[in-house]
Amino acid sequence: MTGRPFHMFQQPWPEGGYRFLQLGFVVDDLLGAAADWARVFGGGPFHVMPRRESSCTFRGAPSAIDIQVAVAQDGPVQIGLIQQHCDRPSEYRDLFPAGRG
């Protein structure tokens, strides 16, 4: 791609009752996905949060999850990238098994 990068959300604020304010994506490589997003869509910078393990309840049972999140604001929409670093069951693994996000 040459010239100015394509900015995904440069159009005016959308009208009506259905507006996307946040989009989240489960990824296998957080830093790679953030770099690809910035290169392809011209969005960013991404703020990469520290990796964190937290206790949680999943499907009624106590558990824990080890994740890392990166967020960027692109116009009115916040982009969230989520990488799970453990193999424990979670809502993220339900969506995408390891290696398929």
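## Glutamate 53 and arginine 88

Glutamate 53 is exposed in this predicted model, with a relative accessible area of 51%, where exposed stands for over 50% relative accessible area, buried for under 20%, and partly exposed for what lies in between, computed with a 1.4 Å probe on protein chains only. The side chain of glutamate 53 meets that of arginine 88 in a salt bridge, at 3.0 Å from N to O; a salt bridge here is a side-chain nitrogen of Lys or Arg within 4 Å of a carboxyl oxygen of Asp or Glu. Because glutamate 53 lies in strand β3 and arginine 88 in the loop between β5 (77-84) and α2, the pair ties together parts that are 35 residues apart in sequence. Arginine 88 counts as partly exposed, at 30% relative accessibility.

The names of helices and strands follow DSSP runs numbered from the N terminus, a helix being H or I over at least four residues and a strand being E over at least two. Residues are numbered from 1 along each chain as its sequence is written, local features need a pLDDT of at least 70 in this predicted model, and side-chain atom pairs count only at pLDDT 80 or more. Totals for chains, interfaces and linings use all residues, while side-chain values use heavy atoms, with hydrogens and water left out.

## The chain and its confidence

The secondary structure of the chain comes to two helices and five strands, and from the N terminus on these elements run β-α-β-β-β-β-α. Of the 101 residues of the chain, 31% count as buried. Among contacts (heavy atoms within 4.5 Å) between residues at least 6 apart in sequence, 54% join residues at least 24 apart.

The average pLDDT of the chain, which is the predictor's confidence in each residue on a scale from 0 to 100, is 83, and 77% of the residues score at least 70. Where pLDDT is low, the predicted coordinates should not be read in detail.

## Aspartate 66 and arginine 51

Aspartate 66 lies in strand β4 (residues 61-74), and with a relative accessible area of 9% this residue is buried. Around aspartate 66, leaving out residues up to four places away in sequence, the residues that it touches are Arg51, Arg52, Glu53, Gln83, Gln84, His85, Cys86 and Arg88.

The structure holds four salt bridges, and one of them joins arginine 51 to aspartate 66, whose closest N and O atoms are 2.7 Å apart. Since arginine 51 lies in the loop between β2 and β3 (52-58) and aspartate 66 in strand β4, this pair ties together parts that are 15 residues apart in sequence.

## Aspartate 94 and arginine 59

A further salt bridge is formed where the side chains of aspartate 94 and arginine 59 meet, at 2.4 Å from N to O. Aspartate 94 lies in helix α2 and arginine 59 in the loop between β3 and β4, so the pair ties together parts that are 35 residues apart in sequence. Aspartate 94 counts as partly exposed at 44% relative accessibility, whereas arginine 59 is exposed, with a relative accessible area of 67%.

## Helix α1

Helix α1 (residues 30-41) has twelve residues, which at 1.5 Å a residue should span 16 Å, and its end C-alpha atoms are 16 Å apart, which agrees; the expected span is 1.5 Å times one less than the number of residues. Just after α1, glycine 42 takes a positive phi of about 75°.

The buried residues of α1 are Leu30, Ala33, Ala34 and Trp37. Seen down the axis of α1, these buried residues fall within an arc of 100°, so they line one face of the helix, the arc being that of the directions from the helix axis to the C-beta atoms. An α-helix has 3.6 residues a turn, so residues three or four places apart point the same way. The buried residues of α1 pack against β1 (22-26), β2, β4 and β5, while the face turned away from the buried side carries the exposed residues Leu31 and Arg39.

## Alanine 98

Alanine 98 lies in the segment after α2 and is partly exposed, with a relative accessible area of 46%. The C-alpha atoms of alanine 98 and aspartate 28 are separated by 7.2 Å, although the two residues are 70 residues apart along the chain. Not counting residues up to four places away in sequence, alanine 98 touches Asp28, Asp87 and Arg93.
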